[in-house]
Amino acid sequence: MNRILRFICSAAALAVSVSLGAPAVAQAVDPLAPTGRWSANARGAAATPPMGWNSWNAFRTEVNEEKVLGAARALVDTGLAKLGYRYVNIDDGWWLKRRQSDGRILIRTAIFPSARTGGKQDSSFRPFVDRIHAMGLKAGIYTDVGRNACSQAFDLHSPNLPEGTTAEREIGLYGHVDQDIRLFFAEWGFDYVKADACGLADFRPGTDLVAKNGYRPMPPRIERGMPNRTDHAQVRALYQDVADALARHNPDGDYVFSIVPWGEANVRSWGKDVGNLWRTSNDITPEWTRMLHTFDSAATRALYAQPHSWNDPDMLFIGAGDFDENHLVEARSHFSLWAIANAPLLIGYDLRNAPRALLDIWGNADVVAVNQDPAGNQGVIAYQSDDVQIIVKTMQDTGRKAVVLFNRGQRTLNATLTAEHLKFAAGQPFTLTDLWSKARFDASAGEQSFALAPRETRMFMASGTRALPDGVYLSEIPGSVNVAHDGVLRPEADPTIHQMVSPWGGTRSSGERAGYPGWGGAQADAAPYGTALQVAGRKFSTGLGLLGGSRLEVRNDKGDTRFSALVGIDDATRDPAARVRFTVYGDGRLLAQSPELAFGAAPAALTADVTGVRIVELVAREDGGDAPIPTSVCWCEAALTGR
């Protein structure tokens, strides 16, 4: 049985398992069948990455109304709101309990006094939200998809934990999704919800946490760091329930849905179909190596993000630890990396007392503009090493490229940026404008070198002659590419993410090992397992690397008339026995296909007329070989031209 038939069978079984006993027989669905439509999430108010402020990194559960309103006023008074920092988000610590007579959540009015409604047994965030809205801002709230929240597992000394009986302290969404989302949005008027997942992972039967605190145990749906022991389908289904409730109670689509299973449950592959942003890692802390860890979890996943759907390596920690006002090199690096990765820009600092040096970082309009570019192309790694990375982002005006040169280490290093890195014409001159110093550089010989201080990131806007003057390589425009199915049949932990000493347990364990699924997923300008693109001994500097049994959707927004690629099985494939046929569809119609290609066959030229086509679909269907072993394939030099 080939890999696609195996997937269809497993999909049918999955559909039965999540139907909760529905009598209808699940129909097998071929994930490689063209649909002629864009299937990634387009709901919600996140056409660009959300920007704003969140209470957690500054205050943890020690949040109160004065602190939150102070942050809101600071966003307005400092001018940050005019740059786009508009969401003011309350994190964990706001709730008192869930009233058992009707299941309604009550607010801790001792810390949010405006929530008092006159009755001792009721409360409302509407007055608070109205004040936020009156400032021209948006308001966000925190919850959990399980029964209990993260603070109830990890902040047990907090004075702001939910109170009461076991049932009263179950303030998460589980069993109350529609009721709570209606309360948050239709009644209280919030605009943003962050849904954590500790309730699905940390309240397992038989643990001291559950026994000593009188919680109702929940068998874990998420096994932290163990993809094979995590129920990916059920976790996705629980978040989908939230997404559906948001659509019901926000028919105008003016909301943001933040999914937070910390990179677990294979959220890499489905977050873009369900929410507006999804955490790609566990929590960030204000240490350099932890920042590397969370950044790495998102940096190679450009093809999984697009307008309305963003990779989230967690909130900004500028202002504390290695990123405080005494470490401005590191703070600028942190901000530059989040900007070029299209990460949400959520400040986690007590803005009531922010020094000018930090305000100047958050307020760098040129760097913010890179993050907020409407094309939504996450930066793609053009040069990769453990020491230096070069990351390039194509702007909506495709003749301009944002680029960072990032020194990850502790010694000064030299880095040379070339026209080829930028996908400009080889050897041709280009210009650079430093987005921090505003200095200008003319790379007259087609390259420019810089000495990077330890932990320094240089960020530029580049202009030059494009390598493709009448079109783009698909790896330049990941915001217009949706990985509808990436061919990964069994999620594997990604071993390339930087592992540091645990910020919570130190060296008391054997170490924090790779745990976030994503290994083998779709890559821009690299093969699925991180090697260079190569077919039959021929190397390619640009292209899309996937697995066999995959389907991509490409928006032809510029009205290009021609698709072209050189296709074949990548030389680094794990299964050299498979054979693969590459097919191009336009709005659901067959346009072109290759012969069935074997390992070692020269790359085959594949072209199609896409005049008038809105959605181009690229399918790599395989047969033969050892079915459980992945086959790496290359859409080498894939491009849309003829504009």
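Visitor: What kind of model is it, and how are residues numbered?

Guide: The model is predicted: local features need pLDDT of at least 70 and side-chain atom pairs count only at pLDDT 80 or more, while totals for chains, interfaces and linings use all residues. Residues are numbered from 1 along each chain as its sequence is written, and side-chain values use heavy atoms, with hydrogens and water left out.

Visitor: Start with helix H11. What span should its twelve residues have?

Guide: Helix H11 covers residues 288-299, and at 1.5 Å a residue it should span 16 Å. The end C-alpha atoms are 16 Å apart, which agrees. The expected span is 1.5 Å times one less than the number of residues. Helices (H or I, at least four residues) and strands (E, at least two) are DSSP runs, numbered from the N terminus.

Visitor: How many residues of H11 are buried?

Guide: Eleven of the twelve, so H11 is largely enclosed by the rest of the structure. Buried means under 20% relative accessible area, exposed means over 50%, and partly exposed is in between, with a 1.4 Å probe and protein chains only. Among the buried ones are Trp288, Met291, Leu292 and Phe295.

Visitor: What do the buried residues of H11 pack against?

Guide: They pack against strand S9 (310-312), helix H12 (328-340), strand S11 (380-383), strand S12 (388-394) and strand S13 (400-407). Contact here means heavy atoms within 4.5 Å.

Visitor: New topic. How many aromatic pairs are found?

Guide: A search of the whole structure gives 30. Rings of Phe, Tyr and Trp (its six-membered ring) pair if their centres lie within 6.5 Å; planes under 30 degrees apart count as stacked, over 60 as edge-to-face and the rest as tilted.

Visitor: Which kind of pair do Phe125 and Phe190 make?

Guide: Their ring centres are 5.5 Å apart and their planes are at 85 degrees, so the pair is edge-to-face. The two are 65 residues apart: Phe125 is in the loop between strand S4 (105-107) and helix H5 (126-134), and Phe190 is in the loop between helix H7 (177-187) and strand S6 (192-196). Phe125 is buried at 0% relative accessible area, and Phe190 is buried at 2%.

Visitor: And Trp288 with Phe323, what kind is that?

Guide: That aromatic pair is tilted, at 6.3 Å centre to centre and 35 degrees between the planes. Trp288 lies in H11 and Phe323 in the loop between S9 and H12, so the pair ties together parts 35 residues apart in sequence.

Visitor: Which residues form an aromatic cluster?

Guide: One cluster includes Trp94, Trp95, Phe112, Phe125 and Phe190.

Visitor: Where does the charged end of Arg224 sit?

Guide: Over the ring of Trp262, 3.9 Å from its centre. Arg574 lies over the face of Tyr529, at 3.8 Å from the ring centre. A charge sits over a ring if NZ of Lys or CZ of Arg is within 6 Å of the ring centre and within 35 degrees of the ring normal.

Visitor: Last one. How many disulfides does the structure hold?

Guide: Two. A disulfide is a pair of cysteine sulfur atoms within 2.5 Å. One joins Cys150 and Cys198, with sulfur atoms 1.9 Å apart.

Visitor: Is that one of Cys150 and Cys198 right-handed or left-handed, and why?

Guide: The torsion about the S-S bond is about 90 degrees, so the disulfide is right-handed. Cys150 and Cys198 are 48 residues apart.

Visitor: Which cysteines form the other?

Guide: Cys634 and Cys636, with sulfur atoms 1.9 Å apart. Their link is right-handed, with 135 degrees about the S-S bond, and both Cys634 and Cys636 are buried.
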